[in-house]
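Work through the exercises below with the sequence and the model open beside you. Try each task before you read its solution.

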Amino acid sequence: MSKNKAKILMSTVLTSTVLLSGCGLLGSETQKKIDPPKSTTIAEKTTSKEPMAKETAKQENTVKTELYLVDKDGYVVPQTLDLPKTTSVAKQALEYLVANGPVTDQLPNDFRAVLPEDTDLSVNIDKDGVATVNFSKEFKNYQAEDEMKILQSVTWTLTQFDNVKTVKLKMNGHDLTEMPVNGTPISENLSRATGINYDTADVTDITNTKPVTVYFIGGEEGSYYYVPVTRRVSNTEKDPYVAVVNELIKGPSEKSPLVSEFMSDVKLLEAPKYEDGQVTLNFNENIFGSFEEKEISQNLLDALVLSLTEQEGVEKVAVQVNGKADIKNDSGKKLTEPVTRPEKVNTGSF
């Protein structure tokens, strides 16, 4: 049995999400838990308007925000939480990364915040999209092994906002050129191009490689989520979309707890086509999760779209099989339109 197939067998219990709904990817509750029991009658579902009123009030007073938190396996993972509406969304997002701070009661199981306890901060965003974060002296009170996680969490949390392109760090008003505990060098302007959850296990000569970020699946039954992982690929691979697909097919490292639904025999039949923000991919039939039903796993589609839309200029993905676009996901929904990235990732209630 191949490495990929072993990973796939571990993930066969994954529940399906519907990407086209625009509600976000892979909430923490399974579809079985979300769906009402078949025995529930219309009368029972409409006896009270109170739950609906509470949900409406919640939506009016909160805003969904991605916080990059650390899971039990040490990965920096986006989790979408409902935060109070504010005019300072970037500052608030970072404040919710502080340990034992306001995020405490909303933390998903087995997740933790990364910034040291009692850290104060300010955020200034200039017209060029540079977010300058000034931390208090408490910022240096972290464990050395968390240094890269902090850099990645702060950078990716802030760059979810359209007006933030890069990030600059200060402490007590002084520019940080390196992290204060373990001395990790800090780029003058941090961005998503810097990467996240680095996997360089198979790289022997990093100088002749370039980064590419793909999404695998982490967590466990009832609380699965997508995890971004930055790999290094050879500079000889000129097509970034091919590089993304190849890494997804390659799957997570054997030592990783992450899983993938891509089989090792999935192949592109021709070069990807890019036009006006859309990438069109033509796969062989091995991309089907079910050969009998000719269905593509929604989890596979989600990972594919998340990974490709990390590439600059890509907004949506169209999938073909043997040159035909008449396909459906494993919920029976026809994929008649290109699939777009959701506004937020890993949504759900915890």
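Helices (H or I, at least four residues) and strands (E, at least two) are DSSP runs, numbered from the N terminus. This is a predicted model, in which local features need pLDDT of at least 70 and side-chain atom pairs count only at pLDDT 80 or more, while totals for chains, interfaces and linings use all residues. Residues are numbered from 1 along each chain as its sequence is written, and side-chain values use heavy atoms, with hydrogens and water left out.

**Exercise 1. The whole chain**

Task: State how many helices and strands the protein chain has, and what percentage of its residues is buried.

Solution. Begin with the elements: the protein chain holds 8 helices and 15 strands. Next, take the term buried, which means under 20% relative accessible area, with exposed meaning over 50% and partly exposed lying in between (1.4 Å probe, protein chains only). By this rule, 47% of the 350 residues in the protein chain are buried. Finally, consider contacts, meaning heavy atoms within 4.5 Å: among those between residues at least 6 apart in sequence, 64% join residues at least 24 apart.

**Exercise 2. Two packed helices**

Task: Describe how helix α7 and helix α8 pack, and find which residues meet.

Solution. Two packed helices are described by the angle between their axes and the distance between the axes. Axes are lines fitted to C-alpha atoms, for helices over the stretch in contact, and angles run from 0 to 180 degrees between N-to-C directions. Here α7 (residues 240-250) and α8 (residues 298-308) pack at an angle of about 140 degrees, with 10 Å between their axes.

For the handedness, a crossing is left-handed if the near helix is turned anticlockwise from the far one by less than a right angle, and right-handed if clockwise; α7 passes α8 in a right-handed crossing.

The residues that meet are Tyr241, Val244, Val245 and Leu248 on the side of α7, and Ala303, Leu304, Ser307 and Leu308 on the side of α8. The residues of this contact divide into 7 nonpolar, 1 polar and no charged, where Ala, Val, Leu, Ile, Met, Phe, Trp, Tyr, Cys and Pro count as nonpolar, Asp, Glu, Lys and Arg as charged, and the others, Gly among them, as polar.

**Exercise 3. Burial and helix ends**

Task: Explain why α7 and α8 are each described as largely enclosed, and find what lies at their ends.

Solution. In α8, 11 of the 11 residues are buried, so this helix is largely enclosed by the rest of the structure.

Now look at the ends. Aspartate 239 caps the N-terminal end of α7, with a side-chain oxygen 2.9 Å from the backbone nitrogen of tyrosine 241. At the start of α8, a side-chain oxygen of serine 297 comes to within 3.1 Å of the backbone nitrogen of asparagine 299. Just after α7, glycine 251 has a positive phi of about 80 degrees.

**Exercise 4. Positive phi in loops**

Task: Decide whether aspartate 110 is buried, exposed or partly exposed, and do likewise for asparagine 197.

Solution. Most residues other than glycine have a negative phi, and most peptide bonds are trans. Aspartate 110, although not a glycine, has a positive phi of about 70 degrees. This aspartate 110 is in the loop between α5 (89-95) and β3 (121-125), and its relative accessible area of 47% makes it partly exposed. Asparagine 197 has a positive phi near 50 degrees, is found in the loop between β6 (174-175) and β7 (198-199), and counts as buried at 8% relative accessibility.

Definitions and conventions:
Polar contact = N/O pair within 3.5 Å; in protein donor to acceptor, adjacent residues only side chain to side chain.
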